[in-house]
Amino acid sequence: SISLILLILSPVRERLLNSSSHFFISGGRADIWTVGIEIAERFPLGIGLSNSRDLHSYSADIPKELTHFHNNLINILVEGGPLTLILFAAWFFATIKFCLQQSKSHRLNPILRASTCALVSWMVVGLFEYNLGDSEVMFVLYILLCYQCCLD
């Protein structure tokens, strides 16, 4: 059914059909991610928080208006180093585990399961678009986590 919806909705279909060309264009995500991995290898302690805004200074192929790596994990790795990425992953998986445990034992388990799905989808989207810096996304995340902690 999801496949049928994707085929019927022309904007979604067009976006999917053109996604590889957007990914591999000069200065596109493929270039950005490659530069990100190279920077992470050169600076194992990271380049510092919010310094990805100078991404274009590491490669002439990256346009100046691109100020992040279009991937949460690469952005965290480049700015904070591998230890920061490990800590983020540990926090994320601990949060998911907490949400799943709470959803089994609490009467509001549909809300908790939905919030777990929201967290997972937030991270899946973050594989292709940096969304840790979106204040709206983070605000919803903080409310969600506070709500879940209050249930305990």
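Biologist: Which helix gives the largest share of the lining of the largest pocket?

Modeller: In this predicted model, H2 does, with 5 residues. Helix H2 spans 10–24 and helix H3 spans 29–42, and each supplies at least two residues of that lining.

Biologist: What makes a residue part of the lining of the largest pocket, and which lie closest to its centre?

Modeller: A lining residue has an atom within 4 Å of a point of the pocket. The largest pocket has 17 such residues, and Arg15, Ser19, His22, Phe23 and Arg29 are the closest to its centre. The space in this pocket is about 420 Å³.

Biologist: How many residues of that lining are nonpolar, polar and charged?

Modeller: The lining has 8 nonpolar, 6 polar and 3 charged residues. Arg counts as charged and Phe as nonpolar.

Biologist: Which residues line the second largest pocket, and why is one of them called charged?

Modeller: Leu49, Asn75, Ile76, Glu79, Gly80, Thr84, Phe88, Tyr130 and Leu132 line it. Glu belongs to the charged class, so Glu79 is the 1 charged residue there. The other residues of this lining are 5 nonpolar and 3 polar. The volume of the second largest pocket is about 170 Å³.

Biologist: What elements does the chain have?

Modeller: The chain has 6 helices and 0 strands, in the order α-α-α-α-α-α from the N terminus.

Biologist: What makes a residue buried, and what share of the chain counts as such?

Modeller: Buried means under 20% relative accessible area. Of the 152 residues, 34% count as buried. The chain exposes about 9700 Å², with carbon and sulfur atoms supplying 67% of it.

Definitions and conventions: Residues numbered from 1 in each chain as written. Predicted model: local features only at pLDDT ≥ 70, side-chain atom pairs only at ≥ 80, totals over all residues. Heavy atoms only, no water. 1 Å grid on protein atoms, 1.4 Å probe; cavity = no way out; pocket = protein on both sides within 12 Å on 5 of 7 lines; lining within 4 Å. Points joined across faces, edges and corners; volume = space filled by probe spheres on them. Helix = DSSP H or I, 4+ residues; strand = E, 2+ residues; numbered from the N terminus. Buried < 20%, exposed > 50% of the residue type's maximum accessible area, 1.4 Å probe, protein only. Areas by Shrake-Rupley, 256 points an atom, 1.4 Å probe, with all protein chains shown as cover.
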